[in-house]
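Hi,

Here is the structure I promised to hand over. Have a look through it first, and my notes on what turned up follow below.

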Amino acid sequence: MDFTFSPEHQALRRLVREFAETEVAPLAAEIDRKHQVPHETLRKLGEIGLLGVCFPQEYGGMGAGETGYCILMEELGRICTSTATCVGAHIGIGAMAIHLDGNPDQKRKYLTPLARGEKIAAFGLTESNAGSDAANIRTRAVREGDSWILDGGKVFITNGGFADIVTVMAVTDPALGARGGVTAFIVETNWPGFKVAREEDKMGIRGTSTAELVFEELRVPHENVLGKVGEGFVTFMKSLDMGRLTLGAACLGGAQAALEAAIYWARTRKQFGVELAHKQSVQWAIANIATEIEALRSLVYRVAWMVDTGQTGQEFSQLAAMCKMYGSEVASRAIDLALQIHGGLGITRDYPIERAFRDARIAEIFEGTNEVQRIVIASNIFREYGVRIRP
Amino acid sequence: MDFALSEEQRMFRDMFRNFAAKEVAPRADEIDHAEMLPKEMLRKAVDQGFLGATIPEDYYGAALDNVSYVLLLENLSAACASLAVTIAAHVSQVAMSVLDFGTDTQKEEWLPAMAGGEAIGAFALSEPDAGSDMLALETRARYEGDEAVLDGVKTWVTNGELAGLFLVFARGPQGVDAYLVPRDTPGLTVGYREPTLGLRSATFNTVYLEGCRVPQSYRLGRPGEGAAVAQRAVDRMAVALGAVGLGLAESSVDVAAQYATERVQFGVPIGQKQAIQNYVANAHAETEALRYLVYRAAWLMDQGEDFSVDASLVKAFGARMARSVTNWMLQVLGGYGFMEDYPMARKYRDARVLGIIGGPTEIHAFRVAQAIFAAKDLQIAP
């Protein structure tokens with residue numbers, strides 16, 4: 001057992017923290033108000049290699065592994081949830097699918113510019129009738145010579161409004177359904193037939209683009225099939241597992257920031273002549289949440305270590321679901337507590353905790369609702385005992 | 001025991017529900033985005049008599065009993081919590097303070113104007129360094145002959161943007177005084193409006209008092225009686241905010257349950273899933289528990305009984321339940337719950353604010369504990 005970070009990972013954390021504090025923190029309120037993470041921020045993140053943090057060096061990545069990626073997400077999550085979400089959708093699910101299942105040509109052509117931040121990725125799975133029930137997608141891809149023709153659409157696609165590359169899931173054989181009948185495609189958004197239909201007006205992570213995409217006779221060359229025809233669901237589920245782990249890491253950062261804010265205001269705000277820190281209900285609440293955050297930290301980095309040491313079997317999928325589910329709930333609890341300790345300041349848009357409160361709520365919903373995570377965890381547990389459960 | 005509403009109360013409830021559904025609900029999202037109640041909506045509320053809800057007929061009020069009044073707030077809140085809070089502050093904090101503590105002249109001067117919506121009431125108690133702690137008030141009232149001169153800064157003044165009449169609390173020579181200060185009084189300036197997380201169309205402002213002179217006859221109650229005026233107002237508002245929380249909770253259950261019958265995943269409406277059933281069942285239980293605490297507190301008020309501890313119970317429990325119910329019901333809507341063009345996100349933001357305004361949950365929980373321990377001869381300090 002060794003619970004220390006390597007010198008390289010410690011250096012990476014210093015690099016990300018400095019970037020987040022100097023380049024992102026001053027803009028965080030404006031990112032929320034103006035509904036945009038500046039392209040400049042993404043460009044700079046790319047320039048210093050962070051958008052390829054976990055990808056191999058031969059494809060323009062930093063090669064810092066999943067642990068490095070979790071460090072990036074934790075540190076960004078600590079400062080600005082919109083920026084973390086945008087980066088997470090880009091690296092963690094969009095580009096990740098290409099990293100996991102792309103062939104060398106696809107990686108050279110697509111992963112390299114994505115890792116360098118020259119292009120931005122999105123992940124196109126969810127449809128209006130296929131949310132938790134992802135296997136229920138209707139977007140259709142029909143083979144036509146050397147191409148596939150895509151028709152349909154996607155909703156709630158993070159980065160969808162401005163991404164250059166979208167990995168899209170489409171039905172290639174309706175008779176086979178999710179197992180064998182669904183294929184992943186790499187789509188360039190400047191191709192004819194690709195349309196951004198609308199941008200959502202969200203309660204939080206307002207700096208991110210959440211778009212509805214429409215495909216009308218969108219022609220995709222066969223060489224852009226990601227993985228094997230019919231095995232798209234497997235590719236996407238593997239990407240989602242990675243995304244769930246790193247979303248847990250972003251939540252860890254958000255929870256940590258909330259705890260720090262709660263401690264600051266508990267030391268600063270006085271009621272009835274004493275600082276709130278002297279009130280037992282505040283002490284208890286801080287003790288509880290600090291414990292949960294430590295448990296979350298251990299979980300997240302243990303699972304990252306599993307990925308970095310090649311342990312990505314069935315148990316990984318279950319643990320990644322735990323990272324996402326527990327992380328999002330710990331972050332929500334930490335932020336709720338911190339808001340309460342702020343008093344009136346906590347419910348005004350003048351303080352970052354108000355934004356954190358709006359931002360945090362989506363983590364219990366997207367990338368698989370926490371209900372779906374519980375289904376994943378429970379089915380893994382019961383499978384060990386020979387019980388197959390259905391969602 | 002009798003848990004039935006009277007025929008009159010039922011009639012009022014249906015009327016409030018219809019008004020909320022027809023006049024308010026269709027515009028609630030737009031109102032939230034605009035962060036301001038439209039003037040014509042307030043006008044309609046005035047025409048219905050809502051601004052004079054519990055003001056007696058002698059003063060041209062609607063003379064509602066308190067149970068009917070919480071039914072009003074509950075039903076308005078189900079459509080638009082900002083409107084309900086605006087009316088609650090006007091009626092519960094200001095108009096009822098005038099009725100309970102005012103002289104005949106004060107009542108005749110202000111209550112008809114408040115019932116008619118010509119003067120909206122605003123409640124100016126909190127200060128930058130004094131929220132729940134009345135002993136820490138720094139606003140001063142200096143007596144000069146027949147006048148009192150007010151100096152200080154008030155924060156989180158509910159209805160600050162709209163008000164014609166401010167109920168201001170200040171430390172005078174004999175303790176805390178309460179003053180009725182018309183908006184146009186020289187020395188009173190309405191300042192910064194808080195950009196709030198929720199209740200975005202209710203207004204909360206900073207109010208500056210700089211050498212603000214009012215006749216002594218504008219004082220509400222005797223010198224030093226201001227703390228009692230404030231406490232009564234806080235108690236009344238606590239019940240009112242419980243009703244606002246109730247409206248948010250019950251309308252959220254309604255929205256989520258409807259969605260769960262329509263949203264199909266894994267081949268069935270999600271209402272068929274046990275997790276969703278549990279969310280809805282628990283939320284409904286919490287809502288009904290809150291309902292009867294709110295109605296009971298209002299009934300105690302109508303009986304003329306002391307309702308101060310019950311008010312705190314309602315406020316602490318109500319804010320917690322509204323938070324918990326809106327949170328779970330938002331989860332039922334999944335991604336749609338997070339979108340501002342559906343009502344759940346607004347209800348969730350509105351509900352969270354209830355844990356802070358009108359005294360945070362902790363202070364109300366303290367007052368409940370204080371009463372429990374006092375019955376066992378243990379005095380506790382906040």
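In chain B, the domain assignment gives domain 1 (7-115), domain 2 (121-223) and domain 3 (228-374); such bounds come from an automatic or database domain assignment. Before you read on: this is a predicted model, in which local features need pLDDT of at least 70, side-chain atom pairs count only at pLDDT 80 or more, and totals for chains, interfaces and linings use all residues. Residues are numbered from 1 along each chain as its sequence is written, while chains are lettered from A and ligands numbered from 1 in the order in which they are written.

Back to chain B. The centres of its domain 2 and domain 3, taken over C-alpha atoms, are 30 Å apart. Where these two meet, domain 2 of chain B puts 13 residues in contact with 11 residues of domain 3 of chain B (two residues are in contact if their C-beta atoms, placed from the backbone, lie within 7 Å). On the domain 2 side of that contact in chain B there are 9 nonpolar residues, 4 polar ones and no charged ones. The classes go like this: Ala, Val, Leu, Ile, Met, Phe, Trp, Tyr, Cys and Pro are nonpolar, Asp, Glu, Lys and Arg are charged, and the others, Gly among them, are polar.

As for the overall build of chain B, there are 11 helices and 10 strands. Both kinds of element are DSSP runs numbered from the N terminus: helices are H or I with at least four residues, strands are E with at least two. The C-alpha atoms of chain B fill a box of roughly 80 × 55 × 40 Å along the principal axes. Its radius of gyration is 21 Å, which agrees with the value near 21 Å for a compact globule of 382 residues; that radius is taken over C-alpha atoms, and the globule rule is 2.2 Å times the number of residues to the power 0.38. Of the 382 residues of chain B, 55% count as buried. Here buried means 20 or more other C-beta atoms within 10 Å of the residue's own, exposed means 12 or fewer, and partly exposed is in between, with C-beta atoms placed from the backbone. Among the contacts in chain B between residues at least 6 apart in sequence, 75% join residues at least 24 apart.

Now chain A, which has 11 helices and 10 strands. Its C-alpha atoms fill a box of roughly 80 × 50 × 40 Å along the principal axes, and 57% of its 391 residues count as buried. The radius of gyration of chain A is 21 Å, in agreement with the value near 21 Å for a compact globule of 391 residues.

The assignment for chain A gives domain 1 (7-119), domain 2 (122-230) and domain 3 (233-384). In chain A, 20 Å separate the centres of domain 1 and domain 3, taken over C-alpha atoms. Their contact takes 23 residues from domain 1 of chain A and 29 residues from domain 3 of chain A.

One helix to look at is α8 (residues 280-308) of chain A: 29 residues, reaching 42 Å from first C-alpha to last, close to the 42 Å expected at 1.5 Å a residue (that is, 1.5 Å times one less than the number of residues). Its buried residues include Val282(A), Ile289(A), Leu296(A) and Val307(A). What covers the buried residues of α8(A) includes α4, α7 (232-268) and α9 (314-342) of chain A. Just after α8(A), Gly310(A) takes a positive phi of about 75°.

Which residues other than glycine have a positive phi? Glu217(A) is one of them, with phi near 45°. Glu217(A) is found in strand β7 (residues 210-221) of chain A and is exposed, with 11 other C-beta atoms within 10 Å. Another one is Asn159(B), with phi near 70°. Asn159(B) lies in the loop between β3 (147-158) and β4 (165-172) of chain B and counts as buried, with 26 C-beta neighbours inside 10 Å.

Finally, the contact between the chains takes 28 residues from chain B and 29 residues from chain A. On the chain B side, helix α10 (residues 343-353) of chain B has the largest share, 4 residues. That side of chain B divides into 12 nonpolar, 9 polar and 7 charged residues.

Cheers
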